[in-house]
Amino acid sequence: MASNESLFRPRMLINGELVESSDKKTFSVYNPATRELSAEVPEATEEDTNNAVAAAKAALPTWDALGPAKRAPFLKKLAALLREHKDELARLDAISMGMPVSSHFFAASAASHFDYASEAWPTVQGQASVHTPGHVTFTLRQPYGVVALIIPWNVPVHFLGGKAAPALITGNTVVLKSSEKAPLAVARIAELVKEAGFPPGVFNILHGHGVPSGQILSRHMDVRALSFTGSSRTGKLIQQEAAKTNLKKVILELGGKSPAIIFADANIKKAVAQTQFSIKFNSGQVCMANTRIYVEKSVAAEFVEAFKQAYIAGTKEGNPLDKETTQGPQADEIQYKHVMGYIEDGKKTGTLALGGEGNLADKKGFWVQPTIFLDTPEDAKIMKEEVFGPVVNINTFETEAEAIAKANDTEFGLYAAVFTRDISRAMRVAKALESGYVGINTTSPNTGHDLPFGGYKGSGQGREGLLQSMDNFLETKSVILQVDEE
Ligand code: NAD
């Protein structure tokens, strides 16, 4: 957005009102493609955060008592508004974190979560039995109460839908905090929530940095469950705050260092096409991107050559607002420097086969060249830590056992892939991989619509998904009723 155009005015939604922050302080969000100011965004204060939680707490009894059938129309209406405003939401993400509008289909995915929740609520059931003589026993599923949702910047609209829809339909009230790097589309959704007519306090939306608002939500005694998607570092901090305060339920969807294993008998063309897309999509800013590729030695040269060509051929750098663009800039200067730091480090440990430069010299924005490193030692920093950019390490292996050992030699475990035509080997490897998700002859971001999503090891705890997420926001109460015998 040119600086002389009128800027979108993001506000927070607290107790049904669109508001500035209580101390009127804002933080600036810049377009990462042009470095021009995109918007001034209210930074939630301690008072704002506490007010949002108090509003959610006050709204809880009535929202809970309404029952799911009467809660559902609010979610349906919001789904329709998200679809109606999809282009605007894509544009706001483009000018805050640089995702090309050509790959922004997330208003639709968020809407599908609200639609699904508004219709699938009858599937939420408890259990009942007469296995205890003289008694009837049953369970009740009830909302936690006030739940906090903290989302990252890389796919904000999608995470808003995936978390808020199941939390709301099950009778909880919500305080959602956007990421400081991508608050604009979420701020527009705050307006749509108001337009959808949710009762005041049911769905509150805050903006701001992790500290203070995110930290306050993690510590808050009135927040009974917290669903977080973001880095493993922040996930641990949230878990610590929860443990030190009210032991709120914490669901964590964290980082990744996902491996893809390519055996010599695989369809190499398909493996190349999929693995290069995985690391390129959203400029590599995807938790499950396959950042470590292990190729069987006998086909490594062929694979690497084809990968290089596909990686460049399918990439059109440009302004994310341009419909032709497939590669936008990194989200901001911090992310750009973070990625470039890993690339410089990678040059010291591996063999640079492609890219390796930032494009700041000839472009205004924060583009990083698609980069490939070969033959990097397994214990190098770039093999162990999350880069979150268009940077991939390709290494080789000679045996199945070696490939599995290398793939599992990480503290992360979000998504792993194996490419082979041997079905038994595919199943052996899928079983052995320490990962919450496994693709066979496919890789991320390919996922099934109804499968649970979440990490092994340091990639998180708990699972989210259409069939799982409502369960995340429901307590289970066991009831035993004694029956008087005549
Ligand atoms: P981040 O951890 O820096 O921030 C995520 C959110 O947490 C933001 O809203 C931020 O303001 C907030 N936050 C920061 N410090 C906090 C604190 N002390 N207390 C409470 N909240 C705090 O992560 P990011 O850079 O926004 O997102 C990228 C990360 O997210 C990557 O590690 C990526 O792998 C991960 N991610 C995971 C998944 C998944 O499903 N597993 C999906 C997308 C992204």
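The exercises below concern a sheet with its helices and then a pocket, all in a predicted model.

**Exercise 1.** Work out the strand order of the seven-stranded open sheet, then find which helices pack on it.

*Solution.* 
- Start with the order, which reads β14-β15-β16-β13-β12-β17-β18, with mixed pairing.
- Next, look at the ends: β14 (351-354) and β18 (438-440) are the edge strands, and each pairs on one side only. From one strand to the next, the twist averages 20 degrees.
- β18 pairs with β17 (residues 416-419) in the parallel sense, over three bridges. Within this pair, alanine 416 has valine 438 as its bridge partner.
- Helix α9 (residues 268-280) lies across β12, β13, β16 and β17, and runs at about 160 degrees to β13. Helix α11 (residues 333-349) touches β14, β15 and β16, and its direction makes about 30 degrees with that of β15.

**Exercise 2.** Describe the lining of the second largest pocket, and explain why the pocket lies between domain 1 and domain 2.

*Solution.* 
- Begin with the volume, about 310 Å³.
- List the lining: there are 15 residues, and Ser28, Val29, Tyr30, Lys181 and Asp332 lie nearest the centre.
- Assign them to elements: β3 (26-30) and α11 each give two or more residues, and β3 gives the most, with four.
- Conclude with the domains: domain 1 (4-254 + 467-477) and domain 2 (259-454) both give residues to the lining, so the pocket lies between them.

Terms used:
Residues are numbered from 1 along each chain as its sequence is written. This is a predicted model: local features need pLDDT of at least 70, side-chain atom pairs count only at pLDDT 80 or more; totals for chains, interfaces and linings use all residues. Side-chain values use heavy atoms; hydrogens and water are left out. Two strands pair if DSSP finds at least two bridges between them. Axes are lines fitted to C-alpha atoms, for helices over the stretch in contact, and angles run from 0 to 180 degrees between N-to-C directions. Contact means heavy atoms within 4.5 Å. On a 1 Å grid over the protein atoms alone, a cavity is a set of points where a 1.4 Å probe fits but cannot get out, and a pocket is an open set with protein on both sides within 12 Å along at least five of seven lines; lining residues have an atom within 4 Å of a point. Grid points are joined across faces, edges and corners, and a volume is the space filled by probe spheres set on the points. Domain bounds come from an automatic or database domain assignment.
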